[in-house]
Amino acid sequence: MPLWQELPLLLIVAFCLAVLIRTFLLQAFFIPSGSMEDTLLVGDRVLVNKIVYDVRDPQRGEVVVFRGPPNWTPEFQDEPQVGFMAKLGRTVGDLVGVSRPGEKDFIKRVIGLPGDKVKCCDDEGRVQVNGKSMDEPYVLENSDPDLPPNPRECRSRQFDEITVAPGNMFVMGDHRLVSQDSRCQGQVPIDNVIGRAFVIVWPYDRWAGLGVPDNFDDVPRAAALGPPAEPPVRLPDQGGFAVVLPLLLPLALFNRWSFGLSARSRHAIPGRRRRLRP
């Protein structure tokens, strides 16, 4: 194929691959607010594993992206779009997973799972999960422990004991002073989860994995679920790298195939083939 025919074909194939990966496997998300500082800063981009929760449930301590329930207030206002080109760019960026998130997309840390009892605070001002007081080294700036709880805003550190409903989770941001989360906005259906954020990919100097802190290892099992048959075993935290690495194979095959197309198109030029004959 001539280059002017081959190049559009390669661009279409690459775009389709990007859309398929974004839809079913991985998606990049832009961090628009400071509710997860210093774990995630405004402007960071994270990769989200979208298939991990098809094979298992979320775990305490994981950082997840989810669609906010209808009663959740957006933490940032989306920029108004003006003009056709701005709308087109936003649509294309959303298809390949590089645009800003929607107003109702949130990223938080899982604190409680179905059946868990979550409350704050103990005598040292710590969150308790199933009676265990949590040391949370990832918390940047905590809320005021002296303010009375307010169901409409999360300025207070205190909240009454909550039993996480079946099919729901209790989430909180790492920057508790500014995060609007389950303390005042309510629980989140697990079905609303888009995926697990497992690595910071941009800016390059902040490249880091988003692992699960070990402070959740000793949390007792929810009483409603009964005692565990065996002590829980902590598996190696692979995040989404198990998804990223297999993607390298099809991408490598695609590159090899596209190189082969280029080579065949060059050898197909009659004049060049005649010159190679002795």
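Leu-7 lies in helix 1 (residues 3–24). Helices (H or I, at least four residues) and strands (E, at least two) are DSSP runs, numbered from the N terminus. This is a predicted model, where local features need pLDDT of at least 70, side-chain atom pairs count only at pLDDT 80 or more, and totals for chains, interfaces and linings use all residues. Residues are numbered from 1 along each chain as its sequence is written, and side-chain values use heavy atoms, with hydrogens and water left out.

Buried means under 20%, exposed over 50%, and partly exposed in between (1.4 Å probe, protein chains only).

| Residue | Relative accessible area | Class |
|---|---|---|
| Leu-7 | 46% | partly exposed |
| Trp-72 | 2% | buried |
| Phe-106 | 2% | buried |

Next, the rings. Rings of Phe, Tyr and Trp (its six-membered ring) pair if their centres lie within 6.5 Å; planes under 30 degrees apart count as stacked, over 60 as edge-to-face and the rest as tilted. This rule gives five aromatic pairs. Trp-72 and Phe-106 are edge-to-face because their planes stand at 75°, with ring centres 5.0 Å apart. This pair links distant parts of the chain, 34 residues apart. Trp-72 is in the loop between strand 3 (63–67) and helix 3 (84–96), while Phe-106 is in strand 4 (residues 105–112). Phe-66, Trp-72 and Phe-106 form one aromatic cluster.

A charge meets a ring elsewhere: the charged end of Arg-109 sits over the ring of Tyr-138, 4.0 Å from its centre. The rule for this asks for NZ of Lys or CZ of Arg within 6 Å of the ring centre and within 35 degrees of the ring normal.
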